[in-house]
Amino acid sequence: MNRTSSPAASWQAALWVLAASSLHPGLRRVLVFDASAEDLETVAAAVKVMLEAATASAVSRVTLAPFHDEDDLWGIGEGLPAGWHRPGLLVPSNGLEGWRLIVIPDLTVLSLPAARSALQLLEADLGRLERHGQSRSWQPRLSWLAACPSSAIGQISPHLLDRFPVRLQAGVWRPGDHVAHLREWLSNSGLSQDPQVETTQGLEEALRQSTARNLPPLTAEAIEETINLLIPWEAPGVRRHLGLARLAQALSCLSGNAETLPDQIREAASLMKYFRTESVKKRSTSPDTSNPATVADPASAEMEHSTSSTGSVQPGDQPGSLAPGPELPIDTPSVAGEEQTEEVALSLSPFPEDHAPVERFAAPLQLAREDSPQRARRGGATAGVRRTADPAEVAPVPTLFAAAPFQLLRRNRRGVKDAPFIVTAADWRARRRAPSPEDLFVLVLDFTACGESDWHVTLIPYIREAYVRRSAVCLVLVGAAGAPCELRAERVLARSILAPEVLAALNRERGRATPLASGLELARETIRDAQYRGRGAILRTQLVVLSDGRGNISLEASRTARFSGPVGSQGITDTLQAAARLATLDQVESVVLDPQPLHASHLVKELADTLEARITKIPWRDPTLEASA
Amino acid sequence: MSEETAEILPYSAIVGQEKVKLALELAYVAPRLGGVLLSGERGTGKSTTVRAFALMTSERLPVTLPINATEDRVVGGWRIDALMEGKAEPQAGLLKAADGSLLYVDEVNLLDDHIVNILLDVTSTGILEVQREGRLERLVLRFTLVGTMNPEEGGLRPQLLDRFGLMVAVRTVPEQRREILRHVLRFDQALREPDTSPFLQEMKAQDAARRERLDRARTLQPALPDPILNLCVELATRIGTDGHRGERTLAIAAQALAAIEDAQEVQPGHLRRVAPLALQHRVKGAAGHILWGEAQEKILDELGL
């Protein structure tokens, strides 16, 4: 297999991966990053063809939309007359059925019922259906193909992502040259004019022949290689190791090998973009030990990247699918100050969720609690059906479906054969909605400013208010110890102030840097996004900023995750500019909690004035210290 | 091997997870223990182990309550096809189907709250009372509730947590990855010839031997001398558990372990091994969090366990 990184070769390599995933039942779950709608259609067409070859059966296709609810997914009305019965998208019809390809165009907008259903079925060797009189179990014949922008991977539960063992990066299938890309798009040539032509050239036939062979067993060395290759991307469990090992096995089978050797493991890793070869011009310098950030961060060395592949690492790239991993230098001799070109195999991560900032609420796959007031509010997305005793809540269609099976019985008991549809209170059903808070509580907590202040006590009234209002919660942590990146603020989202994640975040220790500008930007993004969420939009925001205003990390440093030296007052300037942008948002009530710093205390007032916030002083823990200050 | 069970890794082929296996076996030997919760990292084989255990002990998969099950399927309802013909034929629910055996809930922390309430009610009273849609039914039910969950996806209500007799905090053991990979890949191979595979036959034989040992343990009743009972109470008190359920669970679990090991009498060593399983989720004020660490181990040392 050709490992060169031209777009055409990358697409061919992807086809091999898709062929291997079609061959092995444990691999029929593919996640594609950064695919356009056209790319995904091409991939889906290719997968369908190859799955038909591998399984020798017809493959039907289902696309999961953001509005699909439980009735759509699992079906309704089984046992009722034909007009009432609607089969489920994920459930086989009675009788024999071939394979189904489930396509999820964007994992980030998958409905809650669909995400929960996917969780049940993605790895299941046995499907179970226990709904509204339906009781079935079956061996699922489902193949999954999902797409997701790598920059938004933090929105998806890792619990779900973990179940996709095969990962592909669509970005490398397109030329890096934007003009060439535009020319190609205008000519409407796409990745492949005829995916069937592409795949039938050897792959379909290889698949058919492979199904008759046993999977080539892994040698002990190959197992060792699997373990070693995944050291940089260790995660709980063995799913990643199994995914890599099985992919290598399947590729080996396609090639007609008798065994799966370490070379095939490396080949599989390469095809999934674990590694990519780049030509790197590197200027050797003496190591700077005065700044730990520059010594520790290899990306901060002066480097000019040129690459023959697309999706090259650019300064300012967000951690994600292009997060750099360990370097494997091939050509090492260098003289200080001399510019050289090295061929370096850079390991990239097919698991961007490991580095991505968390952009989802805690417990994203849970349904709203039954006793939550949020349940009854204006209405988030439908997440199921429940019984109700309140006629004002009755949803007509689910209620009719609940009443339908009993019609004949009820008519017989009443002795009225031609009675209209008989509905009783026992049939009343209401829509269960995803939680939809009206209020948002945003706390920007600067751990480096807390010092001697009794900030926990000062926060209590705001936390109490957030509890009473059943507010959604966003904690922006600035300068907390243990941050994935010290130069950036972190964000914790929770559906309520009672979430354990909130308490854990509040109990973090103080860190070294103060990326306050980044924190305020993160707060602004969160509020703005929450205000533009359609029916689930937030109506009111309480913003609390606990800080002394002394940001010491510039916004540029936060964005690039590169610290190039002391920034002087740039950190403060950027903080105030970020505050000014925050202040432009409507329906935000702001307060700055002043820790009464000993130095530069005027910055707190400047921050509050820029935010158009009122100030509340935080008392010191030791009043004698405060008095002497 | 039936089509339904063909894809499950045999119990004896599961590498590691000794605490998980211990908890399941204790609950099987002593159903009074009231169930097992397996809470831990993703990809650690929790679901696989439960299903393999059920296959090993009963030759069938456990009655499974999916997270999107509706109330009628949990407590029972009417057969729709019969209703369409004007006949009222009851359809047994999952709780009744699990009577005398194991009821398994995968991703138990994602279960609908309404269904959780039903489970809480039945597991605490042992009675299922149904008065709906013209039905009036009162059933006495006994089943072993087994749940698996990933705590990253949300916690469990403390009331439901308390219903589980034993709890295991499941973690990845990196040193075991090699062996796990080897076994799973070997199982993949064996699935191509399930009826003749030497690997599967060997595992089946080991499963049968294990089941025999557990069935024998069910008939034994090792003695629980007073010093051991005193230790149960003192340990539960010093660990700081709520109510009496902690020491009761400790005593029954230790007795079950002694039975599995063919001991005549429960020893302090048995107590030590079951203590975390019985107590870590009952610590007062834990608010649903799991607390077991150096401090708790030190208490075990001080008590001479």
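This is a predicted model: local features need pLDDT of at least 70, side-chain atom pairs count only at pLDDT 80 or more; totals for chains, interfaces and linings use all residues.

**Cavities and a surface patch**

Q: What is the volume of the largest cavity?
A: The largest cavity has a volume of about 40 Å³.

Q: What makes A:Ser10 a lining residue of the largest cavity?
A: Lining residues have an atom within 4 Å of a cavity point. A:Ser10 belongs to the lining of the largest cavity, together with A:Ala14, A:Leu168, A:Gln169, A:Val172, A:Trp173, A:Leu271 and A:Lys273. Helix H1 (7–23) and strand S9 (166–169) of chain A each supply at least two residues of this lining, which comprises five nonpolar residues, two polar and one charged.

Q: Which residues line the second largest cavity?
A: Its lining consists of A:Ser21, A:Ser22, A:Arg28, A:Val30, A:Val47, A:Leu101, A:Ser143 and A:Trp144. H1 and strand S8 (142–148) of chain A give two or more residues to this lining. By class, the lining residues are four nonpolar, three polar and one charged.

Q: Why is A:Phe421 called partly exposed?
A: The relative accessible area of A:Phe421 is 31%. Buried means under 20% and exposed means over 50%; the value lies in between, and therefore A:Phe421 is partly exposed. A:Phe421 is placed in the loop between helix H14 (407–414) and strand S15 (429–433) of chain A.

Q: Which residues form a nonpolar patch on the surface?
A: The patch is formed by A:Leu400, A:Phe421 and A:Val423, which together have about 210 Å² of accessible area. Patch residues need over 30% relative accessible area, and A:Phe421 has 31%.

Conventions:
Residues are numbered from 1 along each chain as its sequence is written. Chains are lettered from A and ligands numbered from 1 in the order in which they are written. Side-chain values use heavy atoms; hydrogens and water are left out. On a 1 Å grid over the protein atoms alone, a cavity is a set of points where a 1.4 Å probe fits but cannot get out, and a pocket is an open set with protein on both sides within 12 Å along at least five of seven lines; lining residues have an atom within 4 Å of a point. Grid points are joined across faces, edges and corners, and a volume is the space filled by probe spheres set on the points. Helices (H or I, at least four residues) and strands (E, at least two) are DSSP runs, numbered from the N terminus. Ala, Val, Leu, Ile, Met, Phe, Trp, Tyr, Cys and Pro count as nonpolar, Asp, Glu, Lys and Arg as charged, and the others, Gly among them, as polar. Patches are made of residues with over 30% relative accessible area and no salt bridge: like charges are joined within 9 Å, nonpolar side chains (Val, Leu, Ile, Met, Phe, Trp, Tyr) within 5 Å. Accessible areas come from the Shrake-Rupley method with a 1.4 Å probe; for residues, only the protein chains shown count as cover. A salt bridge is a side-chain nitrogen of Lys or Arg within 4 Å of a carboxyl oxygen of Asp or Glu. Buried means under 20% relative accessible area, exposed over 50%, partly exposed in between (1.4 Å probe, protein chains only).
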